[in-house]
Amino acid sequence: MARDKKHTRKINYLSRDFSSIKNELIDQAKIYYPDTYKDFSEASFGSLMLDTVAYTSDVLSFYLDYAVNESFMDTALEYNNVLRHARQLGFKFRGSPSTHGVLAIYAIVPATTSGMGIDPNYLPTLRRGSSFSGDNGASFLLVEDLFFDSSKHSHVVARTDSSTGLPTHYAIKAYARIISGLMGQKTITVGGYERFLRVKVPASNIAEILKVVDDEGHQYYEVDYLSQNVVYKDIVNSEASSDGVSSILKPFVVPRRFVVERERNNTYLQFGFGSDSELTGSSVAEPTNVVLDMFGRDYITDTTFDPSKLLGTDKFGVAPSNTNVDITYRTVTAANANAAVGGITKVGNTFVEFANPLVLVKSKKDDVINSFEVYNEEPIIGDVSLPTTDELKRRTLDHFATQNRAVTKRDYEALTYAMPERYGAIRRCRIVRDLDSIKRNLNLYVLGEDSNGYLTSANNTVKNNLKTWLAQYKMMNDTIDIIDGKIINIQIEYTVVATHDSNKYDVLQATQDMLKAKYANPTYIGEPFYISEIQTALNKVEGVSDVKRVKVTQNVGGNYSDYRFSIAANTSPDGRYIIMPHNVAFEIKFPDADIKGTIM
């Protein structure tokens, strides 16, 4: 049957699911092929063909929607896709989380022959990279060299001669900074030259890339972005005795460099596309040699230059080729890398040196090496949870807005969360202007995370690192006080009414599971707690016909926070939300016990 162009049926482009597409195909067949196809029963061969076309179209429609959604930060759901969008906006994903703390380290050292002091020849130096472990299986590394000959370390008599009573050994107590994880190394064979070489590190739970060296001894340096060709190194200060500064930071051009790109479970090294034959220039950057493009003209278009880009054209760095690359890294060995007080008591591999090893008695030297004991007097805490996709999106947008400077309050909060993992991490933070200060003083309230994943006060090591980290971004006339935030542990009691055709026990369990998932993470500092959201969420659970009661109370003392807070006095007049002080975060610490529901 010929079609009348005036009466041609329009295609409905809004039909995108299986049922609507099949119905459109059936209508199309009835209108244009009434004599050719008449059997529309479900068992007919024609129905099979329509089902096949509708099924294929539904799948294609789904993948089209999926591809479009994953192409934008706001709608992306896949974790790795969110990370790719974040990387485009300059956000650095921290990868496997690390924790920091201070460890007390004890050593027993021989006394002098007179017994009136420590024999200085046997004072050890414990080198960084020495390992320790906790009761929960987490491992930790020494961040810096520990010199036992320092006068600031305390010591007591450990052993005495039974006949004379004179000391034979002294016990020295020293403190050192540690970081969670273990050292690892992998060797990767690289073939012929490849533009923008991208290498996958064959290891999991990588927290930090420490060193990359090829067979020729060339070291490759990690940079924030490939166009950055200058890093800063510590140079021994020859005037240290007079000015009190032990080292000076100097810029070095690094043609061999890479950036670290992380996915949720994988780590990659991305190199540039230069080659060894194109290397030019000295290893030390000299700002006076920066070309200002003035040849042939007596003016310039821009009087500024980026101090992190002192090479003109080096093609984003040199990539290794026809060699083996040794990659040294640090891995986090436990899902929870925190430790309670006294949780670190085991000594692993130690790297010990002595000032004059040739004059020492081997047996005494071995006794010193075997005498090390450790104990953490403060909890080792930090943010040990990977951020969710929603948290990644928010942190990415906030970090992008900072533009590497801190002007607004949101800038400071975003930079706090963006602090590199080797310096520690903050679980929750909020910055508030101090109205009582005559200067532009800011109060930064922070909270860390304990060994069980609960909110707690951040330790001094993390706060000192945070202070140093923010100093490079803050305005010159801003002053910041880093203060511990307060924690309010709450419990939720509720009563719901089940529909007549539902199983009450199943409905109650469904409401419990929903609330546990909803409040698995604590609120942000200063964020109001909305009681109305609990009621709305309960009403959406299948099998719930009504919500009779929702009550929020505080748990204090014992395993809960000691901070007391009047929930009744801070509840809004309409009872919809609880007003939060600017330095407080709400947390449901034990969901199984603190979420109590009844059903009618």
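Trainee: What should I know before reading the model?
Mentor: The model is predicted: local features need pLDDT of at least 70, side-chain atom pairs count only at pLDDT 80 or more, and totals for chains, interfaces and linings use all residues. Residues are numbered from 1 along each chain as its sequence is written, and side-chain values use heavy atoms, with hydrogens and water left out.

Trainee: How many helices and strands are in the chain?
Mentor: Helices (H or I, at least four residues) and strands (E, at least two) are DSSP runs, numbered from the N terminus. The chain has eleven helices and 29 strands.

Trainee: What share of the chain counts as buried?
Mentor: Buried means under 20% relative accessible area, exposed over 50%, and partly exposed in between (1.4 Å probe, protein chains only). Of the 600 residues, 43% count as buried.

Trainee: What part of the contacts comes from residues 24 or more positions apart?
Mentor: Contact means heavy atoms within 4.5 Å. Among contacts with a separation of 6 or more, residues 24 or more positions apart account for 73%.

Trainee: How do I read the pair α1 and α2? At what angle do their axes cross?
Mentor: Axes are lines fitted to C-alpha atoms, for helices over the stretch in contact; angles run from 0 to 180 degrees between N-to-C directions. Helix α1 (residues 18–32) and helix α2 (residues 45–69) have axes that come within 9 Å and cross at roughly 135°. Under 35 degrees counts as roughly parallel, over 145 as roughly antiparallel, 65 to 115 as roughly perpendicular and the rest as oblique. α1 and α2 are therefore oblique to each other.

Trainee: Which residues of α1 and α2 meet?
Mentor: From α1, Phe18, Ile21, Lys22, Leu25 and Ile26. From α2, Ser47, Leu50, Asp51, Val53, Ala54, Tyr55, Ser57 and Asp58. The residues of this contact divide into eight nonpolar, two polar and three charged. Here Ala, Val, Leu, Ile, Met, Phe, Trp, Tyr, Cys and Pro count as nonpolar, Asp, Glu, Lys and Arg as charged, and the others, Gly among them, as polar.

Trainee: Next, the cores. Which residues touch the most other members of the largest nonpolar core?
Mentor: A nonpolar core is a set of buried Ala, Val, Leu, Ile, Met, Phe, Trp, Tyr and Cys residues joined through side-chain atoms within 4.5 Å. The largest has 26 residues, and Tyr494, Phe529 and Ile534 touch the most other members. Elements giving it two or more residues are β24 (486–498), α9 (504–518), α10 (531–539), β26 (544–555) and β28 (584–587). β24 gives the largest share, five residues. Apart from this core lies another, of 25 residues, among them Ala107, Phe148, Ile344 and Phe354.

Trainee: Where does Asn121 lie, and what does Asn121 touch?
Mentor: Asn121 is in the loop between β1 (100–110) and β2 (124–126). Its relative accessible area is 30%, so Asn121 is partly exposed. Not counting residues up to four places away in sequence, Asn121 touches Phe354, Asn356, Val359 and Leu360. Asn121 and Val359 are 238 residues apart along the chain, yet their C-alpha atoms are separated by 8.0 Å.

Trainee: Is Thr267 buried or exposed?
Mentor: Thr267, in strand β15 (residues 267–270), is at 5% relative accessibility, so Thr267 counts as buried.

Trainee: Last, backbone angles. What is phi of Asn205?
Mentor: Near 55°, a positive value in a residue other than glycine. Asn205 sits in the loop between β9 (198–200) and β10 (206–214). Asn322 also has a positive phi, near 50°. At 58% relative accessibility, Asn322 counts as exposed.
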